[in-house]
Amino acid sequence: MLDDIWRKYAAMAKVLDKRPDFRFDPEIYAALHPDLAGDPAALEEHFRSRQDEEDCVATFYDIHHSQAPGIDAALDFLLVEPDLAAAAQQGDPEAFKLACELIQLGAPVDALVSNFSMRGYLKWHPDIVAAGMDPLHHFLRYGFQENGRRTLADVRRNQKPGKMPFRPDRPTCMIAVHEMSRTGAPIVGRDLLREAARDYNVIIAALRGGELLDQFLEHACEVVITSNPQIDFPYFSGPAFDGIEFAILNSVECALFVAPLVARDIPFCSYLHEFADYSFPVWTSTLIGLFSDLVIYSSEHVRDSWSGRLADIEFDMARDTAIVPQRPDVFGRVDQSDFIRARRSLSELTGRDLSKVRLVCGAGHIQWRKGTDIFVMASQIAAQRDPDTVFLWIGDGQNIEDIGFGVWFDYHLRQAKADDPKGNLFFLPAGPHYFDVLKASDAMFLSSRLDPLPNVVFDATERGCRVVSFANATGFSDRTYHDAEHFEEVEYGNPAAAVEKLLSMPRKEPSPEPVAPVAMPKLFEAIRDALEDRLATQAYFVVGETEIDLPILFSKEEDDRGLRVMEREKILRYGRRMLWRDPGEAAQTLARSDNWIHKGCRIVPYAPAEPADVPDFSMHIHAYYTDEIAEDLRRHMAYRQARRIVVTTDTEQKGDEITAIMRAEGLDPEIRLVANRGRDILPFMQMFLPRESYPEDEIWCHIHQKKSLTSTSGGDIWRRFLMRILLGDSSGLSSALSEIRQDGAGLVAPLEPHFVAWNATRRLAGKFEPRLPGPLPVNPLVFPVGNMFWVRRPVIDAMNDLFGADYPWPNEPIANDGTEFHLIERLWPAMAVKEGLDAIFVSKPDEQRV
């Protein structure tokens with residue numbers, strides 16, 4: 001039987017001809033017996049003559065079992081192939097050897113016979129890749145004993161069969177939620193599932209589980225939970241995964257599901273409920289925008305908040321977005337009997353008679369974004385105006401040990417005398433009293449600082465509650481809701497104005513007759529139809545590789561080349577940008593632009609420069625860190641050509657260290673001590689204040705020892721990319737030097753192959769636009785990304801003039817983007833063109849970038 005199992009899977013792996021017997025691996029045996037000179041016949045004859053000997057070693061298993069017999073326990077843990085597992089259970093002495101040799105065949109055999117994937121193990125554990133170890137060797141000898149070493153067992157444990165059987169006659173779709181908590185977006189995801197399950201096989205995918213898991217299992221055919229979908233998705237199995245027609249990502253936090261969908265060429269739309277203002281990290285919204293076939297928002301106001309981020313990738317919002325609220329606006333009523341019962345129940349819970357008060361409710365997680373603290377302030381203001389107006393919040397999340405919010409909110413509650421039967425402020429935990437709160441309340445105060453279209457509001461209005469919210473704080477600021485008398489807005493963040501409005505509103509009038517339930521429209525159907533319409537209208541497609549081949553979703557490895565092609569094809573299909581296709585496309589885009597800055601920008605190819613073509617120049621190095629200076633000096637002969645080298649740093653100790661390093665290379669730097677402020681660029685700019693500083697130095701190179709370029713994966717490669725194009729190498733100079741020498745050249749920098757936009761500096765740029773000769777472009781297109789460049793002195797003076805000598809620069813620590821220093825990086829071309837000079841970008845596609 002074992003031989004039959006081997007033949008089945010060895011044929012699948014296409015190794016059966018050269019290895020008909022799992023007990024004998026010719027390659028391993030040849031390596032162990034070099035005296036046999038690799039002769040196949042001699043090797044097999046030698047093996048057959050010794051195979052019954054106890055110390056005969058002819059396979060991967062033999063090697064490791066002879067050194068560590070305990071590997072059988074690890075193999076037993078991994079086995080899933082039924083016949084082989086049965087043989088192992090029956091004590092067949094060769095079962096574990098066969099299991100090991102089958103796993104060692106790799107994909108797809110390893111995952112079919114075991115809970116181990118050779119490829120997956122390396123992706124889950126990069127340290128094994130870095131160590132250069134065979135993945136199965138590591139797991140059998142070490143990983144099995146180590147806590148936290150992920151295998152396919154972990155992946156498969158998180159694939160749960162739903163209660164709806166898979167039906168081959170039905171189409172299949174996937175709905176992704178970021179978690180299964182009882183909060184807004186997951187509840188919308190659950191409602192989408194319930195509707196979709198009437199006609200579809202539905203896979204639910206989530207990054208995290210939660211209390212809604214059982215409700216998802218009730219209507220799905222498969223439920224998978226994974227924090228790393230890109231790696232785990234290929235290992236989920238079953239017929240549902242073989243034919244997913246489309247997917248819905250039900251939150252920007254579902255961005256991690258983009259990669260497996262692109263890899264399988266599955267169309268998908270993203271249904272976003274979040275404002276961009278609090279959606280971080282930014283890469284999540286970037287991936288959603290780059291790869292979604294359609295982005296659907298719950299409201300216009302929410303969509304407007306994304307306009308800047310989508311402009312950063314040149315996303316066509318008019319064509320590729322739609323508005324679909326998760327529920328209709330229904331102002332309903334409550335049965336008189338329900339109203340009375342609810343008020344009686346709440347009176348018993350709070351200890352205060354609520355039968356005749358004006359009851360104002362709030363609902364949701366207790367937190368800063370929901371404005372629960374503002375709700376408390378409103379109750380305090382109302383207590384002075386109308387003691388018979390009571391405020392009742394229902395929701396979880398208060399943690400008296402949370403120093404970020406809960407500690408201070410707890411103190412506020414005690415000072416406001418919350419939950420005092422004689423007071424007007426009460427809190428209830430989320431749970432069975434939720435609908436009683438809504439039925440009993442006259443109004444809801446939506447105190448949120450930013451909230452899209454919270455489900456609690458639809459629940460409240462359906463039960464006859466009027467709503468007061470802050471202007472521009474929620475999706476209810478849309479024009480759609482302005483004409484509805486039950487919605488009122490007041491000045492943003494003004495609890496006194498909210499109380500004034502709440503006290504002026506009519507009280508709830510319960511219905512003497514039973515109230516019929518409201519029929520809900522089909523949300524899943526609306527989203528599906530919008531996606532199908534968008535796909536049907538797409539007439540432009542791009543096929544094939546591009547000259548610039550840098551990864552976005554997938555790795556730079558050769559195995560992922562096809563996936564990188566797929567990701568770029570999808571981006572280019574919709575005219576979005578994250579990478580230039582090639583330097584020519586960047587040049588053509590500049591040429592087509594009518595912006596005054598772009599008219600002064602051009603792209604040139606890299607070439608070696610002759611020393612005779614290089615001008616006199618000076619160099620500025622900002623060296624907050626010093627550990628790479630010596631290596632830089634050895635890598636680039638340009639340092640030895642400089643007439644002056646000025647190094648800014650923040651301590652005398654560093655200054656002495658830098659001086660010693662440079663003098664050892666025959667260089668004599670000028671050290672300037674500066675405060676740790678303004679990253680690398682402010683020390684450079686302030687060297688030229690007052691203007692009389694360095695009057696004889698016209699051309700400068702600005703570089704820095706910036707850890708942000710080297711602290712992330714691939715960052716050291718990026719810095720070498722910039723330095724190589726700017727300076728050349730140890731034996732020659734870069735044409736960037738000869739370019740800056742030309743008349744009319746004001747700025748020279750490397751051409752960045754990524755399309756880098758204004759990003760978070762977009763909102764700051766408008767502050768400085770009136771001081772420029774013309775408008776800023778929608779996107780900068782080219783600028784010295786990484787903030788290292790060659791520049792002429794008039795351009796530096798222009799940048800200093802733009803900000804002025806006394807500008808209030810922000811102090812450290814600062815954000816990763818969106819400050820004046822990040823804006824300066826993008827404004828260098830504008831300063832050059834303003835001075836009548838060109839901004840030149842040097843392209844070197846063959847230089848490794850990542």
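This is a predicted model: local features need pLDDT of at least 70, side-chain atom pairs count only at pLDDT 80 or more; totals for chains, interfaces and linings use all residues.
Me: Ok, back to sulfur. How many disulfides does the count come to?
Reply: The count comes to 0 disulfides by that rule. Cysteine 361 is in no disulfide either: its nearest cysteine sulfur, in cysteine 465, is 4.8 Å away.

Me: Is cysteine 56 buried or exposed? And cysteine 361, buried or exposed?
Reply: Cysteine 56 counts as buried at 10% relative accessibility, and cysteine 361 is buried with a relative accessible area of 0%. Buried means under 20% relative accessible area, exposed over 50%, and partly exposed in between, using a 1.4 Å probe and protein chains only.

Me: What does the chain span along its principal axes?
Reply: The C-alpha trace spans about 95 × 90 × 55 Å. Of the 850 residues, 56% count as buried. The accessible surface, from the Shrake-Rupley method with a 1.4 Å probe, comes to about 36,600 Å², and 50% of that belongs to carbon and sulfur atoms.

Me: How many helices and strands are there?
Reply: The chain has 38 helices and 24 strands. They are DSSP runs numbered from the N terminus, with helices being H or I of at least four residues and strands E of at least two.

Me: How many positive and negative side chains?
Reply: There are 93 positive and 130 negative ones, and the centres of the two sets lie 5 Å apart. Lys and Arg count as positive, Asp and Glu as negative, with His and the chain ends not counted. Each charge is placed at NZ of Lys, CZ of Arg, CG of Asp or CD of Glu.

Me: Let's pick a helix. How many residues of α13 are buried?
Reply: In α13, 10 of the 13 residues are buried, so this helix is mostly covered. Among them are Ile187, Val188, Leu192 and Leu193, along with Arg190 and Glu195.

Me: What should α13 span, and what are its end C-alpha atoms apart by?
Reply: The 13 residues of α13 (184–196) should span 18 Å at 1.5 Å a residue, and the end C-alpha atoms are 18 Å apart, which agrees. The expected span is 1.5 Å times one less than the number of residues.

Me: And α4, which residues are buried there?
Reply: Phe60, Tyr61, Asp62 and His64 are buried in α4 (residues 60–67). What covers them includes α2 (26–32), α5 (71–78), α7 (95–104) and α11 (135–141).

Me: What does valine 295 touch?
Reply: Valine 295, in strand β7 (residues 294–297), touches Ser270, Leu272, Ile288, Phe315, Asp320, Thr321 and Ala322, not counting residues up to four places away in sequence. Contact means heavy atoms within 4.5 Å. Valine 295 is buried, with a relative accessible area of 1%.

Me: What is phi of aspartate 265, then?
Reply: Phi of aspartate 265 is near 55°, a positive value in a residue other than glycine. Aspartate 265 lies in the loop between α16 (258–263) and β6 and is exposed at 52% relative accessible area. Aspartate 419 also has a positive phi, about 65°; its loop runs between α23 (406–415) and β11 (425–428), and at 42% relative accessibility aspartate 419 counts as partly exposed.

Me: What does aspartate 420 touch?
Reply: Aspartate 420 touches Leu425 and Phe426, leaving out residues up to four places away in sequence. Aspartate 420 is partly exposed, with a relative accessible area of 27%.

Methods: Residues are numbered from 1 along each chain as its sequence is written. Side-chain values use heavy atoms; hydrogens and water are left out. A disulfide is a pair of cysteine sulfur atoms within 2.5 Å.
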